[in-house]
Amino acid sequence: MFPESSTDYGYEACKATADWLLEHAPVRPLVGIVCGSGLGGLADMLKDQKFFSYSEIPNFPKSTVHGHAGRLVFGNLKGKPCVCMQGRFHLYEGYSIQKITMPIRIFKLMGVETVILTNAAGGLNQDYKVGDVMIIKDHINMPGFAGNNPLCGQNDDRFGIRFPCMSDAYDKEMMQLAQKVGNELGYSHFLKEGVYCVLGGPSFETIAECRMLNRLGADAVGMSTVHEVIVARHSGMRVFALSLITNKAVMDYSSEEKANHEEVLQTGEQRSQQLVKLVSTMVSRMTHPNDFKL
Ligand SMILES: O=P(O)(O)O[C@H]1O[C@H](CO)[C@@H](O)[C@H]1O
Ligand SMILES: Nc1nc2[nH]cnc2c(=O)[nH]1
């Protein structure tokens, strides 16, 4: 839970991987995108692609989850150099929390300034429908309550400070931009804004757990993203995150519904094109990290 500094995922390992990638990649990325379950199609929006299987990248973990292809894709999106993780790592795959967030530090060392994270999540908010897209405005870090935070262990000042602020984790201008672009594209009816809660997984939640999380203020629940957000903010990157509501969390003892990964992947496929449009339009409007064409 509280690791000693490890050479497996520390600064030198991240730097070696970043240098290796920059040597082989066609672009030096400014934007880093992480694809959630069933959302790997987002990587297809990159032009002039070059991809690397995770298995060929030094020090990189391997993807083990269906719906996460396990490729790092480089390319241009509306003229902006990007890198896209087609598949992420989760705590329940058995990696340490430092290992699963290592790619975010590699993003930073490659020059990424803005991270766009996506995930599939269960809808706890009773007003949410399957297929809704939730702009994440805040999070609840359940593993963090139990001491499992990616920043546990010795702090490396080359990445960031010991006690980073998280009340400003999700960039407000990016959220505004998402709302504006969503309106223009006619997506307002399925675009929401809410709080994402991360759990360790891999089992889905019980009815009592869903009810509890909802009362605690969570609108959606999943098993990822928050650890990546913490690491990205620690090293000063701008963060924007989206949850696709792939299923409704079961909150009622009379319900026959059962959460399952197949439904998660299916919903991802159905909304994929609209998410591509939303994210690519947003990226095209990001003129500079702190300078938007709203
Ligand atoms: O968060 P992403 O990677 O989108 O995946 C979500 O979907 C899987 C469950 O179906 C879990 O891994 C959950 O976290
Ligand atoms: N924990 C959790 N993760 C998900 N990912 C997609 N749907 C769900 C869900 O209902 N619960």
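A residue counts as buried if 20 or more other C-beta atoms lie within 10 Å of its own, as exposed if 12 or fewer do, and as partly exposed in between, with C-beta atoms placed from the backbone. The model is predicted: local features need pLDDT of at least 70, side-chain atom pairs count only at pLDDT 80 or more, and totals for chains, interfaces and linings use all residues. Residues are numbered from 1 along each chain as its sequence is written, and chains are lettered from A and ligands numbered from 1 in the order in which they are written.

**View 1. The annotated binding site, Glu 205 and Asn 247.** An unreviewed UniProt entry gives the annotation "binding site" to Glu 205 and Asn 247. They span 43 residues in sequence, yet no two of their C-alpha atoms are more than 12.1 Å apart, so they gather at one spot. UniProt positions follow the numbering used here, feature names are shortened, and annotations may be inferred rather than shown by experiment. Glu 205 is buried, with 20 other C-beta atoms within 10 Å, and lies in the loop between strand E7 (191-198) and helix H6 (207-215). Helices (H or I, at least four residues) and strands (E, at least two) are DSSP runs, numbered from the N terminus. Neighbours within four places in sequence aside, Glu 205 is in contact with Cys 210, Val 221 and Ala 249; contact means C-beta atoms, placed from the backbone, within 7 Å. Asn 247 lies in strand E9 and is buried, also with 20 other C-beta atoms within 10 Å. Not counting residues up to four places away in sequence, Asn 247 touches Gly 122, Val 130, Ala 259, Glu 263 and Val 264.

View 2. Of the 15 residues around ligand 2, Ala 120, Gly 122, Gly 222, Ala 259 and Val 264 come nearest. Strands E5 (114-123), E8 (220-222) and E9 (238-248) each give two or more residues to this shell; the largest share, 3 residues, comes from E5. A residue is near a molecule if its C-beta atom, placed from the backbone, lies within 6 Å of it. By class, the shell has 9 nonpolar, 5 polar and 1 charged residues. Ala, Val, Leu, Ile, Met, Phe, Trp, Tyr, Cys and Pro count as nonpolar, Asp, Glu, Lys and Arg as charged, and the others, Gly among them, as polar.

**View 3. Strand E9 and its partners.** In E9, 10 of the 11 residues are buried, so the strand is largely enclosed by the rest of the structure. E5 and E9 pair in the parallel sense over 10 bridges, where pairing requires that DSSP find at least two bridges between the strands. The bridge partner of Ile 116 in E9 is Phe 240. Strand E6 (residues 133-141) pairs with E9 in the antiparallel sense over 3 bridges, and Met 134 stands opposite Ser 243 in E9.

**View 4. Helix H7.** All of H7 (residues 226-234) is buried, 9 of the 9 residues, so the helix is largely enclosed by the rest of the structure. Its buried residues include His 227, Glu 228, Arg 233 and His 234. Gly 236, with a positive phi near 80°, follows H7.

Technical notes:
Contact = placed C-beta atoms within 7 Å.
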